[in-house]
Amino acid sequence: HAAAPVDLKISHQFPGGTLTEGDFRDRLCRVFAAEVEKRTNGALKGTVFPGSSLMKTNAQFSALRKGALDMSLYPLSYAGGEVPEVNIGLMPGVVTNYEQGTAWKSAPVGKVLADLLMDKGIKIVSWIWQAGGVAGRSTPLVEPADAKGMKVRGGSREMDMVLKAAGAAVISLPSNEIYAAMQTGALDAAMTSSTSLISFRLEEVAKTLTTGRGKAYWFMLEPLLISRSIFEGLPKDMQDVIMTVGAEMEKFGTEAAKVDDQDVARIYAKAGAQVSDLSADTVKRWQDIARETAWKDYAARSDSCAKILKLAEQAL
Amino acid sequence: MSATLVGSLYGVATLLLMFSGMPIAFALGGVAVAFMYFFMPGASLDTVTQNVYEEMASITLLSIPLFILKGAAIGKSRAGADLYGAIHAWMHRIPGGLGIANVFACAVFAAMAGSSPATCSAIGSAGIPEMRMRGYSPGFAAGIIAAGGTLGILLPPSITMILFAVAAEQSLGRLFLAGIFPGLLLVALFSAYAVWKFKREYAAALATWHGGGHKSAYLDEMTLTFAEKTRLLPRVMPFVILLTGVMVALYGGYATPSETAGLGGILALVLIASIYGMWRPRDLAPILASTIRESTMLMFIIGMSLLYSYVMSYLQISQSAAQWIVGMHLSKWVLLTAILVLVVVLGFFLPPVSIILMTAPIILPPLKAAGFDLVWFGVVMTIVMEMGLIHPPVGLNIFVIKNVAPDIPLKDVLWGVMPFVGLMILAVVLLCLFPGIAVWLPDAVMGAKTV
Amino acid sequence: MSHAAPPEAALDPTGPGLLARTARLMAWINKAVMGLSMLAIVAAALILTGSVVLRYFLKIPTDWQDEAAVFLLVGLTFMCGAAVQAGRGHIGIQALAGLLPAGVNRLRLLVCDAASGGFCAFFSWKSWTLFHEALADGQTTSSSWGPPLWIPYGLMATGMTLLSLQIVLQVAAALAAWRRP
Ligand code: NA
Ligand code: NA
């Protein structure tokens, strides 16, 4: 007589799809759930709640900490107000390509970050990094100098700082209002991940795109997380399966993110947008501004922030 | 316990509490917390308040109080009376003219606001008293405003369409355009009904009077010369200025949708201050107080219904129902019907925002596979959810009406809105027969949809 | 769904006794909160209007306005919960009110109020826990402005507490009225 299967609730904010179709961040969760179920012969299952259908993005982090939510695929920097250290997850210029991001897991910076999250009651299952770009309404936003006078949505505390230093009129608005604001002209440019640039369908209202393919100053850490108390309540063999499958998902995530970096360029070009890529020099120029603004601000917040930044710079 | 059983219990408990007369907000919150206690991990109870806060702390949602402020500034000042006076002077020869004017006013306001209760409140605070003063029966007046208000989510901008576009990975621009003609279709249907109903009520009033009964305000003669009528025209100016100002700010790219809400509120206050000299605290206090009372009531219900839907989502009640329907592998149109019936049932308890979040991920893939255009379906689903706004137990627009005109008995309001529910069903049927009503405009503007 | 006759007959604010004194205090608080909330809603509208002017005409970043408006509007919503309850403005479906005999109806209303009070008290408790967490951990929002979260949480907790007290007061009044012939 087998015990009732453990059903892990996996929440995320991205559009829902199926195992094989749709936003890769949703697919990743579904593949993870299916693999885990297969390898435990159904003793461990996962149910995916896409599109914030369970709870709002910001509420997920705290729910994970308290053990009210099992798992989440979560843009880590969203919890920056609760745990300032995690702002490193969307720090402009601190990661500039996928290889650097992938290396974090086994580098000192990754170890410190993972330990910190463990202390807060959350365990990282998969390290997923994703590049992003800029959709522009009329003129391209490639160089920092282009930002002057543009109404831009940076989407994170750190990106906003860099944009302000570059002379942009930073604007804060919910991500679901980007389309309408760009259509009317309330917004000149918006920065977000390649996948979201696709799913928001901004190509219909944008005339320019700056991609993150190859190299970028906009890289986001959106790991698959599990609540520590839930994880530790599971038998050892289930824990092992979760971590093994989680590690396998990292390759899946990186490959899919890279595909989206290419797809976004293709889709926007097809819609008639002017597509630009970033040169190493351009990335460096953005990075230089970030170093003077966002990085400094971050390091000044606490000793542990300063330490994480230092380790991240070593990984660069 | 199976999701079906828990789901049934959840529904029954909700109905019991609601019909006991407990305030809707506390009934929803109470049921949610109780089910959390019995069926969810203990830690869930610690996340209740943060969940509610995170759901409410969105500027998109909180633009509702500001839209209500804009409506109240006009509706509760002389601006509203003057506006309706002028409209009545010009349109009283048309049967149901005032009713039609109110439907149009709702449509115009809907083009500025993304939510239905805000639209309903803004037009209703002046519109309902004006119609009743001129003889319209309370239920008729309430029905026009409750139904007209639902256009808030069908005509762009619309909070629920934004959510649908993201969930369905459809173009928001296309979806907004697709809502326009169906919105106008509803305006036409509502107006036609207003004319028909007016004629009936007028005839009944006439019969009563001739039979020696009291003389309804319907029968008051209005004799104005053309010059007198022309002199009334400037009185619509505050409304026209407000409308133009807000539209230019929104569609001209000056303001984001939520900023538009604040801007509209300030513009309305400035207008009544400059034109009617209403700027002293004692002039403004009644307007602000009623705005705050109404939005507090409404935001409490919305906040708690989001908590309610969190529990429902966690227990996978609506997801299981949707999955069950999808799992039956129905034929194309039966599948559509079953899904729409589900949306109607969920509409008994949930506001449109929650319905989309919970069901879209499950119902959209099979609908797409069955060959339905999801932009078209987004419009159809929006109209079906509009019905939920005007039928009990959780019908946000009905609560707004109860607040704007507390003396109209619930029974009258319900009988008043029923014909409009019928007209919405008719609109859905017409959309099924002639999908072009929705998809023609986006195709014409944005080119045929590529798959 | 009509507003039922409130059982507040015993809440004569001019009368003597603890209940009346508490009612007086509560009415005064509600009035003060309402006054402040009127300023808050106008302030929220002004901030959003100013945001348009600053960004569009002066090209100045507007990254704090949305959040400031959110704090004001969420705050006033919770803070005014009690004032609205005092006027029985939280709408319910009073379909049974007309069908039941007067005595049973009073009992029904009392039970509804007690249940509402229970829920609101629970919510207040959990809001204060949240407030305490945010204060102790120095939590902020994650925007570039990053204002402390204890502000809105504190408003939510205070507002829900006032609302609970308001309901307790109404229940006490109903019980007092019951005892009198
Ligand atoms: Na609208
Ligand atoms: Na309903």
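Modeller: We start where chain B meets chain A: the contact takes 35 residues from chain B and 38 residues from chain A. Contact here means heavy atoms within 4.5 Å. Keep in mind that this is a predicted model, where local features need pLDDT of at least 70, side-chain atom pairs count only at pLDDT 80 or more, and totals for chains, interfaces and linings use all residues. Residues are numbered from 1 along each chain as its sequence is written, chains are lettered from A and ligands numbered from 1 in the order in which they are written, and side-chain values use heavy atoms, with hydrogens and water left out.

Colleague: How much area is buried between chain B and chain A?

Modeller: Buried area is the accessible area (1.4 Å probe) that two parts lose on being put together, summed over both. Between chain B and chain A that is about 3,200 Å², with 58% given by carbon and sulfur atoms. On the side of chain B, Glu54(B), Glu169(B) and Tyr314(B) lose the most area to chain A, together 17% of what that side buries.

Colleague: How many salt bridges are there between chain B and chain A?

Modeller: Side chains of opposite charge can pair when their charged atoms come close. The rule for a salt bridge asks for a side-chain nitrogen of Lys or Arg within 4 Å of a carboxyl oxygen of Asp or Glu. Between chain B and chain A the count is 1. Lys56(A) pairs with Glu55(B), the closest N and O atoms being 2.6 Å apart. Lys56(A) sits in the loop between β2 and α2 (57–66) of chain A, and Glu55(B) in helix α3 of chain B. Helices (H or I, at least four residues) and strands (E, at least two) are DSSP runs, numbered from the N terminus. Over all chains, the count comes to 33 salt bridges.

Colleague: How many residue pairs are in polar contact across the interface of chain B and chain A?

Modeller: A polar contact is a pair of N or O atoms within 3.5 Å; within protein, one must be able to donate a hydrogen and the other to accept it, and residues adjacent in sequence count only if both atoms are side-chain atoms. Across this interface the rule finds 12 residue pairs, both residues at pLDDT 80 or more. Elements giving two or more residues to the side of chain B that touches chain A include α3 (48–56), α9 (159–168) and α10 (172–210) of chain B. The largest share, 4 residues, comes from α3(B). By class, that side has 16 nonpolar, 15 polar and 4 charged residues. Ala, Val, Leu, Ile, Met, Phe, Trp, Tyr, Cys and Pro count as nonpolar, Asp, Glu, Lys and Arg as charged, and the others, Gly among them, as polar.

Colleague: Which peptide bond is cis, and which residue other than glycine has a positive phi?

Modeller: Most residues other than glycine have a negative phi, and most peptide bonds are trans. The bond from Pro156(B) to Pro157(B) is cis, with omega near -10 degrees. Pro157(B) is in the loop between α8 (138–150) and α9 of chain B. Arg201(A) has a positive phi, near 55 degrees. Arg201(A) lies in the loop between α7 (194–199) and β9 (208–210) of chain A.
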